[in-house]
Amino acid sequence: MKFTENEVIQFVNENDIKFVKLVFCDIFGTMKNISILADELPRAFESGISFDASSIKGFMNIEKSDLFLFPDPSTLSILPWRPQQGRVVRLLCYIKHPDGRPFEGDGRLILKKAIDTAHESGYKVEIGPECEFYLFLQDEKGLPTKIPHDYATYLDAAPVDKGENVRREICLTLEQMGILPESSHHEQGPGQNEIDFRYSDAMIAADNLITFKSVVKTIANINGLHASFMPKPLKEFSGSGLHINISLLKNNINLFENKMVNYTPEPDSFIAGILDKIPEITLFLNPLVNSYERFGSHSAPKYVTWSSENRSQLIRIPAASGKYSRVELRSPDPSCNPYLAFALLIYAGLDGIKNKLKLDEPADYDLYKASGDAAENYKKLPPTLAEAVENAEKSDFVHNCLPSEIVEKYIQIKKEQWNRYSLSDDKESFELNTYFYTV
């Protein structure tokens, strides 16, 4: 249900709401928030709530430090785990300059522009994420350990799967917040779990994913566990991916469903566009040094390929029908900023349609078991963060799709991260300290 500003204020007044969390993300997708008393909500809607943007990495310089948060009333949600007396609600925000201009680095604004571009071209993109994560035990001081919550494997049941009750609690919490999970199960790695979402428009999907990660970490902590969205927390086991299922609609018709009946070139060109641009945008889909340890192992993709059968390829067309007809992009991981990631994927697909790109033949066999010559016929995903940075820096496409200042800051910070990693004597400790406790 979408609320107006007046309806939000009325809801707050009638439901014993005492605090309002104003939520936004930095350019890397890290959730930030300011809590205000409920009485301050009308002021927040009218003139915004200021914060020191120079203290947010990648936002503003110290000489121009003020930005303002303006709540989006359509994102109202109660936080179910907070007390029932003096309740707390959450609102996602747009970010503006003091003079009212939208802030160029606002991920929600960037994604909104991509969605509007698709609409102007006659298309709507719907997204259903499948997000994997690990649960680890905490020590006696409540600090994370690298000991998995269980040693179950793919689709195992309780009691071997100890994550069942935690996933259930996460799903029920999300449902209370108006987010509808579709399914959940144990994944391949020890302590690894997955929860999938129903399809929605790209903005709602990105908002829900940010909320989902916060809920998972909160519910895990309540249960004495540490939830990690680090792409490869355990070297010898499966990494955690963010599989992005995409449907393309025109005149309310799912073109991936319709192509089986009345062939049109748009779906194939949309896929071809993503395949064409993926080396240039991988930095924003896989933003950590650790992200690249996942590629090419445990069925995670390595080559720029597609298939309707083989699950190890970059893009898979699942055996689904009706409204579930879609493509599945399998390279992204949960550490990405979903607003930037979804925006770039929309632009890439639209670019493929605009330029009428042709889809190459599918790779319906296991490239990892094929001869070296067969595999070398395909482009590879960037093997390191450094190469992904280089690709993005040279990309006219990236610079045309994202604000130049944000691209420059993003690349600068990722270069610094790679340099610190390269100079580190203990690279495993670097990844642990940089990612495991926070991602």
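This briefing sets out selected structural features of the protein chain shown above. The structure is a predicted model. It holds 18 salt bridges, and one network of such bridges joins Asp-72, Arg-108 and Asp-207. Other topics are the packing of helix H10 against helix H12, a nonpolar surface patch that includes Tyr-151, a cis peptide bond between Ala-158 and Pro-159, and residues with positive phi, among them Leu-155 and Asn-252.

**Salt bridge between Asp-72 and Arg-108**

- Asp-72 and Arg-108 form a salt bridge in which the closest N and O atoms are 3.1 Å apart.
- Asp-72 belongs to the loop between strand E4 (66–71) and strand E5 (77–78), while Arg-108 is part of helix H3 (residues 107–120), so the bridge ties together parts that are 36 residues apart in sequence.
- Both Asp-72 and Arg-108 are buried.
- Through salt bridges that share partners, Asp-72 and Arg-108 are joined with Asp-207 in one network.

**Salt bridge between Glu-328 and Arg-316**

- The side chains of Glu-328 and Arg-316 meet in a salt bridge, with an N to O distance of 2.9 Å.
- Glu-328 lies in strand E17 (residues 327–329) and Arg-316 in strand E16; the pair, twelve residues apart, links distant parts of the chain.
- Glu-328 has a relative accessibility of 3% and therefore counts as buried.
- Arg-316 is likewise buried, because its relative accessible area is 9%, below the cut-off of 20%.

- Lys-409 and Glu-405 are joined by a side-chain salt bridge of 3.2 Å, N to O.
- The two residues are four residues apart in helix H12, so about one helical turn separates Lys-409 and Glu-405.

**Packing of helices H10 and H12**

- Helix H10 (residues 385–394) packs with helix H12 (residues 404–423) at an angle of about 160°, and their axes are 10 Å apart.
- That angle makes H10 roughly antiparallel to H12, because angles over 145 degrees fall in this class.
- The crossing of H10 past H12 is left-handed.
- Helix H12 is also the helix that holds Lys-409 and Glu-405.

**The loop between E8 and H4**

- Tyr-151 is found in the loop between strand E8 (144–148) and helix H4 (164–176).
- Tyr-151 counts as exposed because its relative accessibility is 62%.
- Together with Leu-137 and Ile-147, Tyr-151 forms a nonpolar patch on the surface, and the three residues have about 310 Å² of accessible area together.
- Leu-155 is located in the loop between E8 and H4, and its phi is positive, at about 65°, although Leu-155 is not a glycine.
- Pro-159 also has its place in the loop between E8 and H4.
- The peptide bond that joins Ala-158 and Pro-159 is cis, with omega of about 5°.

**Positive phi at Asn-252**

- Asn-252 has a phi near 65°, which is a positive value in a residue other than glycine.
- This asparagine, Asn-252, lies in the loop between strand E13 (242–250) and strand E14 (253–254).
- With a relative accessible area of 75%, Asn-252 is exposed.

**Buried residues and C-alpha distances**

- Gln-313 occupies the loop between strand E15 (306–307) and strand E16 (315–316).
- Is Gln-313 buried or exposed? Gln-313 is buried, as its relative accessible area is 2%.
- The C-alpha atoms of Gln-313 and Arg-330 are 7.6 Å apart in space, and the two residues are 17 residues apart in sequence.
- Ser-228 is found in strand E12 (residues 225–228).
- The relative accessibility of Ser-228 is 0%, so Ser-228 counts as buried.
- Ser-228 and Thr-438 are 210 residues apart along the chain, and a distance of 7.8 Å separates their C-alpha atoms.

Key
Residues are numbered from 1 along each chain as its sequence is written. This is a predicted model: local features need pLDDT of at least 70, side-chain atom pairs count only at pLDDT 80 or more; totals for chains, interfaces and linings use all residues. Side-chain values use heavy atoms; hydrogens and water are left out. Patches are made of residues with over 30% relative accessible area and no salt bridge: like charges are joined within 9 Å, nonpolar side chains (Val, Leu, Ile, Met, Phe, Trp, Tyr) within 5 Å. Accessible areas come from the Shrake-Rupley method with a 1.4 Å probe; for residues, only the protein chains shown count as cover. A salt bridge is a side-chain nitrogen of Lys or Arg within 4 Å of a carboxyl oxygen of Asp or Glu. Buried means under 20% relative accessible area, exposed over 50%, partly exposed in between (1.4 Å probe, protein chains only). Axes are lines fitted to C-alpha atoms, for helices over the stretch in contact, and angles run from 0 to 180 degrees between N-to-C directions. Angles under 35 degrees count as roughly parallel, over 145 as roughly antiparallel, 65 to 115 as roughly perpendicular and the rest as oblique. A crossing is left-handed if the near helix is turned anticlockwise from the far one by less than a right angle, and right-handed if clockwise.
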